Amino acid sequence: MRGARAGPDAALSTTEGSHLKLPAAAPGMRIGLLGGSYNPPHEAHRDISLTALKRLGLDRVWWMVTPGNPLKDVSKLPTLAKRVAAAEKVARHPRIDVTGFSGGASYTIDLLKVLKQRFPRVHFVWLMGADNLADFHRWKAWPEIFRTLPIAVLDRPGYRLEGMASPAARRFAPYYVDETDAAGLALLIPPAWTILSHRLSDLSSTALRKGGLRRDKEPQSSRKKPTTSDNQY
């Protein structure tokens with residue numbers, strides 16, 4: 001899905017629809033949402049999640065594996081169940097849950113509304129990379145996403161400055177929270193957002209599918225600028 005939507009081991013996914021179930025959540029919990037196609041999942045997804053758990057004081061992170069970006073050809077995309085199973089193997093952490101739940105939504109904003117309706121007393125935080133912040137103004141109803149729940153942007157090699165100069169960052173600059181105060185982000189009334197510094201990784205699903213890694217030393221001007229997010233709705 002985009003502005004784009006992972007689960008048990010393949011051996012445990014034989015129950016039809018099991019990969020579509022929502023994880024459990026209790027009132028008052030702080031939960032980070034990391035949406036993406038996870039095609040394929042990789043260690044950077046896990047690193048981002050562990051950083052968010054620690055720096056934002058989250059109880060859990062949910063990997064929301066998307067059926068597919070509606071603006072891209074999904075004919076060669078592995079099935080949702082297979083990507084959920086693959087993501088579960090990479091996640092391998094007791095506080096990271098993987099699900100293919102979409103609630104019938106095709107876009108991020110619609111999924112967030114479903115989750116907030118189902119869990120009105122849970123404190124959700126949307127997690128995304130700085131590369132997605134740079135392109136966020138192309139997402140459906142992106143200002144509404146900012147106003148729906150707090151957002152934590154995880155730094156990506158070569159994208160921090162571009163993300164901070166993006167239309168979305170400029171429009172919501174008055175609501176920026178310094179990362180030194182990020183531990184309380186989940187409890188803030190949106191709009192509220194921050195950028196978290198962490199160990200940077202060149203891993204990307206697109207590069208892995210193409211059989212190579214994008215290097216941080218690669219000139220920014222030589223990189224293909226995304227017009228849609230590979231990892232988010």
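Helix H2 covers residues 80-91. In this predicted model, H2 has 12 residues and spans 16 Å from its first C-alpha to its last. That reach is close to the 16 Å expected at 1.5 Å a residue. Several H2 residues are buried: Leu80, Arg83, Val84, Ala85, Ala87, Val90 and Ala91. The cover over these buried residues includes helix H1, strand E2 and strand E3. Just after H2, Arg92 adopts a positive phi of about 30°.

H2 lies across E2 and E3. Its direction makes an angle of about 150° with E2. Helix H1 is formed by residues 43-55. H1 runs at about 145° to E2. The strands that H1 lies across are E1 (30-36), E2 (60-65), E3, E4 (123-129), E5 and E6.

These strands belong to an open sheet. The sheet has 6 strands, in the order E3-E2-E1-E4-E5-E6. Their pairing is parallel. Strand E3 (96-99) and strand E6 (193-196) form the edges. Each of these edge strands pairs on one side only. From one strand to the next, the twist averages 25°.

Notes
Residues numbered from 1 in each chain as written. Predicted model: local features only at pLDDT ≥ 70, side-chain atom pairs only at ≥ 80, totals over all residues. Heavy atoms only, no water. Pairing = 2+ DSSP bridges. Helix = DSSP H or I, 4+ residues; strand = E, 2+ residues; numbered from the N terminus. Axes fitted to C-alpha atoms, helices over the stretch in contact; angles between N-to-C directions. Contact = heavy atoms within 4.5 Å. Expected span 1.5 Å × (residues − 1). Buried < 20%, exposed > 50% of the residue type's maximum accessible area, 1.4 Å probe, protein only.
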